[in-house]
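The sequence and the structure come next.

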Amino acid sequence: NAPPPSPAEAAYRAGLAALEKGDLNAAEGAFKESLRLFPKQAQSFLGLAQVALKKGQTPEARDYMQKAPAASPKSVEVHIAWGRFLFSQKAFKEAEAAFKKAVELNPKAAVPHVALGDLYLNTKKPKEAAESYRAAIAVDPTHAGAHYALGNVLASSGKIDEAMAEFQKAGRLAPDNPLPFEALGRMHASRKEFDKALEAFAAALKAQPTFVQARLDRGDILLAQGKDDKALEEYAEALKVAPQSAEAHVRIGMLHERGKRYADAERAYLAAVAASPKHAVAYNNLAWMAVNRKAKLDDALVWATKAVDLAPQVAGFQDTLGWVH
């Protein structure tokens, strides 16, 4: 049997349990008690930082986060947590230093390399991001997240074959994660390999049946193949999972408009703007449909103006507004 936790550890665990329940005051009290009993309990500083963030107290969270590495300077997890906090605050140079410290402490751990790669990817340094993800894979070839992230870097660099190979590896390593299959489907779709794209999106849905984006992408492929009825079925399935999906409503509206089912199209576009009041495409499509039918032109003026206000740089929306006038 494992020995019972120390009083400081027991207080820390009580803090975690309270935090999970959303009882922030109890969590804060437990973490502080843990530190009273053992001032170098670095995880309790991280717990207090989480409490402060949930309370909207960012300066206090930073202060607690900063104390954690000082309490446990050789903890890889603590340096990663500190780096992620700095990253969230857009303190990228400091975050980079924290992640590099974690790598220095344990070069054979994949997670610090992945964290560093994510930082480089989000700060538009694809070469450095790829190097970090490859370093993670070198120490842990089974790290599905590193393969997936590397695939995204390669895809953004136009190295499609290499990217697809990484997505395939990620899918094999993490068959319950829909993201590698979704990415692979998009690669096939970009090459107009529609049947392979449909298979990949189906694999994403097998991994996560409620993954709305895969439904939408399957519908888009079927639409490109001229299979309007089947595309409509996919979009309808997406709405069953996410009734407030503006993208699904817009796609349904476009299909109805294409089939000259204007009343159905209008209902779909109105549902889209109800779900997402800043969906410029839905407003534009409502206005354009009204212009073509020479009906509801007062409403069309409101819709077209709204689309232009939301996206003034889109020439097509300006064009619609001109036709309304």
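A residue is called buried when its relative accessible area is under 20%. The model is predicted. At 9% relative accessibility, His188 therefore counts as buried.

**His188**

His188 sits in helix H11, which runs over residues 178–190. Its side chain makes a polar contact of 2.6 Å with the side chain of Glu193. Not counting residues up to four places away in sequence, His188 touches Met164, Glu193, Lys196 and Ala197.

**Helix H16**

Helix H16 covers residues 262–275, which is 14 residues. At 1.5 Å a residue, helix H16 should span 20 Å. Its end C-alpha atoms are 20 Å apart, so expectation and model agree.

Which residues of H16 are buried? They are Ala265, Glu266, Ala268, Tyr269, Ala272 and Val273. These residues cover an arc of only 165° around the axis, so they lie on the same side of H16.

**Val273**

Val273 belongs to helix H16. Its relative accessibility is 11%, so Val273 counts as buried. Leaving out residues up to four places away in sequence, Val273 touches His279, Ala282 and Tyr283. Ala71 is 202 residues from Val273 along the chain, and the C-alpha atoms of the two are separated by 51 Å.

| Residue | Helix | Relative accessibility | Contacts beyond four places in sequence |
|---|---|---|---|
| His188 | H11 | 9% | Met164, Glu193, Lys196, Ala197 |
| Val273 | H16 | 11% | His279, Ala282, Tyr283 |

**Nonpolar cores**

In soluble globular proteins, nonpolar side chains tend to be buried together. Here the largest nonpolar core has 54 residues. Which of its members touch the most other members? They are Phe99 and Tyr133.

Leaving aside neighbours within four places in sequence, Phe99 is in contact with Ile80, Gly83, Arg84, Pro112, Ala115, Leu116 and Leu119. Another core, of 23 residues, lies apart from the largest one. Among its members are Tyr269, Val273, Ala290 and Val308. Tyr269 and Val273 are also among the buried residues of H16.

Terms used: Residues are numbered from 1 along each chain as its sequence is written. This is a predicted model: local features need pLDDT of at least 70, side-chain atom pairs count only at pLDDT 80 or more; totals for chains, interfaces and linings use all residues. Side-chain values use heavy atoms; hydrogens and water are left out. Helices (H or I, at least four residues) and strands (E, at least two) are DSSP runs, numbered from the N terminus. The expected span of a helix is 1.5 Å times one less than its number of residues. Buried means under 20% relative accessible area, exposed over 50%, partly exposed in between (1.4 Å probe, protein chains only). The arc is that of the directions from the helix axis to the C-beta atoms. A nonpolar core is a set of buried Ala, Val, Leu, Ile, Met, Phe, Trp, Tyr and Cys residues joined through side-chain atoms within 4.5 Å. Contact means heavy atoms within 4.5 Å. A polar contact is a pair of N or O atoms within 3.5 Å; within protein, one must be able to donate a hydrogen and the other to accept it, and residues adjacent in sequence count only if both atoms are side-chain atoms.
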